[in-house]
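The exercises below are meant to be worked through with the sequence and the model open side by side. Try each task before reading its solution.

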Amino acid sequence: MAGYTPICEIPKIYHGLKETFGTGLTKPVSWRRCQLLQLARFVKENADAMADAVALDLGKPKQEFMMTEVSASIERSLIAADQVAEWAKPEAVTPAKEWQKGWNPRIEKHPKGVVLIIAPWNYPMVLNLQPLIGAISAGCCALLKPSEIAPHFSSFLAHNLGNYLDPNAYRVALGGVPETTRILEFKWDHIFYTGNSRVGRIIASAAAKHLTPTTLELGSKSPVIVDSTADIQLSARRILWGKVTNAGQICVAPDYILAERSILPALLDALKEEYRSFYPEGPFKSSSYGRIVSDAHVERLKGVLGRTNGQIVLGGKWSEDQGKRGLEPTFVVDVKPGDSLLEEELFGPILPIVAVESLDEAIGYVNARNHPLVVYIFSSDEGNKRKIIDNTVSGSVAVNDVFFQLAVNELPFGGVGESGYGRQVLKYSFDNFVYLRSITDTPYADEPNFQARYPPYTKESYDL
Ligand code: NAD
């Protein structure tokens, strides 16, 4: 397709990156630091242009883009520039055995080599740049493959990143399935993939052919458990914000609510009230509300919504202008296990609400399904919070708010089981792209200590 990287150029790109890595260009920490500062500059100087591109791709409100993508990308590039020397430092170990102390045993962190980063469309900046920050910090060369479903952003990245970062070390390839399939034929030293778990399996199998290590950042249905002690109004406000941000197209979006039956009417009233306060003129007239990314995703959402046996109590309408791909934030109640809304990750502004009789039932419901990226808990009861944390499995837990587990730079982010493996953000991103090399350096002068190991063996030599 026009604008895509010609498939015949992919080998050239791969071998070019290999050659660059072979020269050692990317290894000095001072060089890495400089590239990280350049990355921050790239984002800062091009934020407006990229906001325009993302608005064309996703209808994402500029303020949302600046808050969730630009500021995090700048801040994290700068933190990495500041901390990379510390992360990359060898770690000395102190052996317990006295006779090993003189060997200078240490762990060095060496770059894996030439790595591949494959990103999706929903947060196109952070999902490309966050792993890239890790790869640069680690001293690797990298090929970025942004999503064809966010073509304006991806094209901007491909055409402008090289004005800031060394284009011999960092490249961007544009394309869809055929281009990515060709890219995956090469022997990468690490593959960092973010996207859906169906494609995650394709990536993992392609990587397995070369025994290439991978990080898989996948999706899931993140449940929201609301118990009878929750602050209903504030919980509703925060949950709704989590569902309408990026029109629900976030890997960590609250996917569905499990609410104790006794608080359901109050929760619904609070959700409706908050909805009206977010969009007094309705969501389609609001410049604070995005849209569904593509016709294929519109069809998918129409399908799940059309098959639900639940009752739509608010929203559910599509924007009249077909091209706008808008779906109102949609609340659905009386949703029972087995409903279409509870099968796959929704990845859209639909909020099914399932009534449960008890906390145990909610925990049982979560545990009967794939492990999610996040478990959200809304409760004022410390015992209930502890019980849910101790009896469920997820990549992270956020209590009484949404997304704040992502806001803390020092926390690792990632999934477990079906929601993926590996961790990212700052030092955790760096860790993906280095391997730990154990090193000893034994003085020749220690030779008298080692006589027992050499043949011919005598009985005395293995007396303990
Ligand atoms: P997408 O369709 O853009 O695909 C992601 C990448 O995979 C793209 O670069 C695409 O070109 C490539 N790809 C698609 N099909 C391929 C194939 N057959 N072979 C090789 N490569 C292929 O994005 P998506 O998958 O729709 O993204 C949304 C999903 O990603 C959701 O499930 C979401 O939860 C998940 N996600 C996870 C995280 C996380 O950090 N865990 C973050 C964002 C999104």
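**Exercise 1. The ligand shell**

How many residues surround the ligand, and which are the closest?

*Solution.* Bear in mind at the outset that this is a predicted model. Step one is the count: 28 residues surround the ligand, and the closest are P120, S147, G195, G219 and C251. Step four turns to the domains, where at least three residues of the shell come from each of domain 1 (7–219 + 423–435) and domain 2 (223–413).

**Exercise 2. The annotated active site**

Locate the residues that UniProt places under the feature "active site", and decide whether each is buried or exposed.

*Solution.* The unreviewed UniProt entry puts this feature at E217 and C251. They span 35 residues in sequence, but because no two of their C-alpha atoms are more than 9.1 Å apart, they gather at one spot.

Take E217 to begin with, a residue of strand β7 (residues 214–217). Since 26 other C-beta atoms lie within 10 Å of E217, and 20 or more are required, E217 is buried. Leaving aside residues up to four places away in sequence, E217 touches Y193, T194, G414, G415, G420 and Q424.

C251, by contrast, is found in a loop, the one between α8 (232–244) and β9 (254–260). The same test applies: C251 has 27 other C-beta atoms within 10 Å and is therefore buried. With residues up to four places away in sequence again not counted, C251 touches G219 and L373. Both G219 and C251 are listed among the residues closest to the ligand, which links this exercise to the previous one.

**Exercise 3. The largest nonpolar core**

Which residues touch the most other members of the largest nonpolar core, and which element supplies its largest share?

*Solution.* The core holds 124 residues, of which V115, I117, A142 and I257 touch the most other members. Its largest share, 10 residues, comes from α2, and the core draws at least three residues from each of domain 1 and domain 2. As a worked case, V115 touches A135, C140, A142, W188, D189, H190, F192 and F433, not counting residues up to four places away in sequence. For background, nonpolar side chains in soluble globular proteins tend to be buried together.

**Exercise 4. A residue in strand β2**

Is P111 buried or exposed, and what does P111 touch?

*Solution.* P111 lies in strand β2 (residues 106–111) and, with 25 other C-beta atoms within 10 Å, is buried. Beyond residues up to four places away in sequence, P111 touches T26, K27, A138, G139, C140, F433 and V434.

Key: Residues are numbered from 1 along each chain as its sequence is written. This is a predicted model: local features need pLDDT of at least 70, side-chain atom pairs count only at pLDDT 80 or more; totals for chains, interfaces and linings use all residues. UniProt positions are given in the numbering used here, feature names are shortened, and annotations may be inferred rather than shown by experiment. Helices (H or I, at least four residues) and strands (E, at least two) are DSSP runs, numbered from the N terminus. A residue is buried if 20 or more other C-beta atoms lie within 10 Å of its own, exposed if 12 or fewer, and partly exposed in between; C-beta atoms are placed from the backbone. Two residues are in contact if their C-beta atoms, placed from the backbone, lie within 7 Å. A residue is near a molecule or strand if its C-beta atom, placed from the backbone, lies within 6 Å of it. Domain bounds come from an automatic or database domain assignment. A nonpolar core is a set of buried Ala, Val, Leu, Ile, Met, Phe, Trp, Tyr and Cys residues joined through C-beta atoms within 7 Å.
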